[in-house]
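Student: I would like to learn how to read a model of two chains, going from single residues up to the interface. Could we take the features in turn, with the general idea before the case?

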Amino acid sequence: MAYFSQQLINAITLGAIYGLIAIGYTMVYGIIGMINFAHGEVFMIGAFISLIGFMICSLLGIGSAPVAIVLVLLLAMAFTTVYGWAVERTAYRPLRGSFRLAPLISAIGVSIALQNYVQLVQGARPKPGGQVVSGGFTVFSADGFDVRVSWLQIIIVVVTVVLMAGFTWLIASTSLGRQQRACEQDMKMAALLGVDVDRTISLTFVVGAALAAVAGMLFLMYYGIIDFFIGFLAGIKAFTAAVLGGIGSLPGAMLGGLLIGLIEVFWAAYFSSEYKDVAAFSILVLVLIFRPTGLLGKPEIEKV
Amino acid sequence: MGLRLPTMLKDAGLTALVAAALGIFIVGFHTVDVGSRTGLSFDYQFGDLGVALVVIFFGRLGLSLAAEGLRWPAIALGAAMIAVGASPLRLPSSFLHWFVVLGGVLLVIRAAWPSATHAISSFAKTPTGRVVDHLGNQWAGWLLLTLAVVLPFTPMADQKTMDLGVLILTYVMLGWGLNIVVGLAGLLDLGYVAFYAVGAYSYALLSTQHGLGFWAVLPLAGMMAASFGVLLGFPVLRLRGDYLAIVTLGFGEIIRLVILNWVDLTSGPAGIGSIPGPTLFGAVFAETAPTGKQTVAEMLGIPFNSNHRLIYLYYIILVLALITNLFTQRMRRLPVGRAWEALREDETACKALGINPTNTKLTAFAIGAMFAGFAGSFFAAKQRFISPESFTFIESAIILAIVVLGGMGSQVGVVLAAVLLIGLPEWFRELGNYRMLAFGLAMVMIMVFRPRGLIAHREPSIRLHPVKARGSG
């Protein structure tokens, strides 16, 4: 029981990070129907900017962890969004209205280019850093096993919950959210009714990149080490999470992230850690066989 | 156009500002390891960043000039950039020299582009141009084929060229195989490399553990890969579009992870080594034959040359690739091939006409997988060593990129794209890490400038009303 609770806590932490990245995928998919393969790379860049931000903070002598975290969070969000915006502007916008695979190939190209760009300018070696929060407390002990929650895990879950609440509010009751939902339903009609479609899509990428930056920072703080390749696996897992939950659905992305975290951690804890990714993908296949549009996805209406 | 200049300057300035925001942390603060302790320190690169920003400013200015039709100022600016890059002026790093020169070259190309395309299109309208165009359409494939057949006999066929030729042809074959799935049947497959891996491991295991030869295993490997295709396809082919894409991606990763972790069977990350190469009527390509066998040099009575093996491999993959191509061409004329194309265009209409979408997709999937299996066992025989590292997602992405960049469904386009994406980067291997960066950027640029692929025009396999006279439409 104690072991189970400990794994549950770890799984929720991991799931929170996946959920944050998955939102970026699901939003972009919902609005323009493309798999933004470069999103994982944006997450990786967010992690790198956070790493550099933490180092600058320690150079400037900012010793207090909460101040450093807030500063780095803002910094990473601000500068990662520029990447999200620039990628959309240069690689996807010229292809809007083109056939379905064109933006996908372009996105794979961006992903390869960004990975190698970071490898070139920052080096291929894993970079340690960002461990500004340590310690935790014991929740309860049973069978001689302490169930511990670290402060960092609490920070991760709290930040994620706050961001998701804020984000749900953004979609549900701001004018940007209304425009986004309008574009999602019918882009041409939205444009006719005076919605600036290009601006809305740009902002979607910006918001997605901001969430990916937060996920990057949390990832860095949690694992304490990053390299230029982390975006690939995290991106695939997050995309799997988005599909699992039903792509295009925001609660689905959060649920999917959580589920992928749970599957991975519990498989590693009870079976074998080598096959945890296999388990995650297999469960995705199983879910899709029985619910072809994901757990919370709306069934597509076929029109002739 | 004097009035437009302030706007252009503002635009260029904004571009440089965005570039500054992109680069300031990632480029400006280079993190370096210090000692053995877990710590990093900064190595500031603001000089490089500054020079790059100036280049970006002028590059953007030149692009706006070219877009306004001011060709000569743009070309002058590009030439000035090339001159600066090539000059003995000491920029902070050698990469920046390249960066400036490349920027200048791209600018000149961009400025000269409209007049060049104009010249080409006006040439195509002249009588000679029409003949060339016609011949080009009809004979380009045959010309490429002749070139491929005679290549080993030309003086330029050294080891490097032949290696490259084998590599390119492998990707051409994979591209043609995937073309059946993506180009004809319209199913987005992001895990094609899984079948390639199945083929490679089938040959590696059967030959090293059971002593079977290449030619005996080749059909087995194809069947193995095809049955994996059916295994995957059966449950998931009723998924639509991108759901199918992510499931195939997941399947590709599952296969790779299983190969990586099933150490008893595949020896995991260590890979399988000393795989025998293909034989010619039982003779091996080696300087000295193992007991009970003879070498090709002995059999044919020619002096031993290590290049013979490569040339042999080259012809094997050429024939395999041609079989793939021929098979596809014939399939397109059969009912099932027509059903693939119909399914790609409109699934609902197909259902209404009594085509079973799942079975039709399954055949496309299995046949595509089979060719990947052939290519895979060839790959294992060529490399003589395989490990899971050769079968990562990036391979699937590259093969898909070849199909899409070539112009979906176009067979010659696949060849062009394979030469461009595989040949050029291999040729410039000295560039090291910049190679993959350029590869990614090239993918984006080809898509942005030719979103329908290099060879965008495609004759439909069948027309409702045959076109009577040429050149009317």
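Tutor: Let us begin with how elements are named: helices, of at least four residues, and strands, of at least two, are DSSP runs numbered from the N terminus. With that naming, A:Ser273 is placed in the loop between α10 (250-270) and α11 (276-290) of chain A. Please keep in mind throughout that this is a predicted model.

Student: How should I read confidence, and where is it lowest in chain A?

Tutor: The predictor gives each residue a pLDDT, from 0 to 100. Chain A averages 87, with 98% of its residues at 70 or above; its lowest mean, 79, falls in strand β2 (residues 136-142) of chain A, and its highest, 93, in helix α8 (residues 197-223) of chain A. Chain B averages 82, with 92% of its residues scoring at least 70. Over residues 469-473 of chain B the pLDDT is below 50, and this stretch has one contact in the model beyond near neighbours in sequence. For the model as a whole, the scores are ipTM 0.85 and pTM 0.86.

Student: At what angle do helix α1 and helix α5 of chain A pack?

Tutor: Packing is read from the helix axes and from the residues that meet. Helix α1 (residues 2-32) and helix α5 (residues 151-173) of chain A pack at about 35 degrees, with their axes 9 Å apart, and their crossing is left-handed. Among the residues of α1(A) in this contact are A:Ile9, A:Ala16 and A:Ile23, while those of α5(A) include A:Ile156, A:Leu163 and A:Phe167. By class, the contact of α1(A) with α5(A) has 10 nonpolar, four polar and no charged residues.

Student: How many helices and strands does chain B have?

Tutor: Chain B has 18 helices and two strands, and 41% of its 473 residues are buried. Its domain assignment gives domain 1 (4-32 + 40-116) and domain 2 (148-449), whose centres, taken over C-alpha atoms, are 40 Å apart.

Student: Which element of chain B gives the most residues to the side that touches chain A?

Tutor: An interface can be read by its contacts, then by its elements and classes. Here 48 residues of chain B are in contact with 52 residues of chain A. α9(B) gives the most to the chain B side, with 12 residues, and that side divides into 35 nonpolar, eight polar and five charged residues.

Key:
Residues numbered from 1 in each chain as written. Chains lettered and ligands numbered in written order. Predicted model: local features only at pLDDT ≥ 70, side-chain atom pairs only at ≥ 80, totals over all residues. Contact = placed C-beta atoms within 7 Å. Nonpolar A, V, L, I, M, F, W, Y, C, P; charged D, E, K, R; others polar. Axes fitted to C-alpha atoms, helices over the stretch in contact; angles between N-to-C directions. Left-handed = near helix turned anticlockwise from the far one by under 90°. Domains from an automatic or database assignment. Buried ≥ 20, exposed ≤ 12 C-beta atoms within 10 Å, placed from the backbone.
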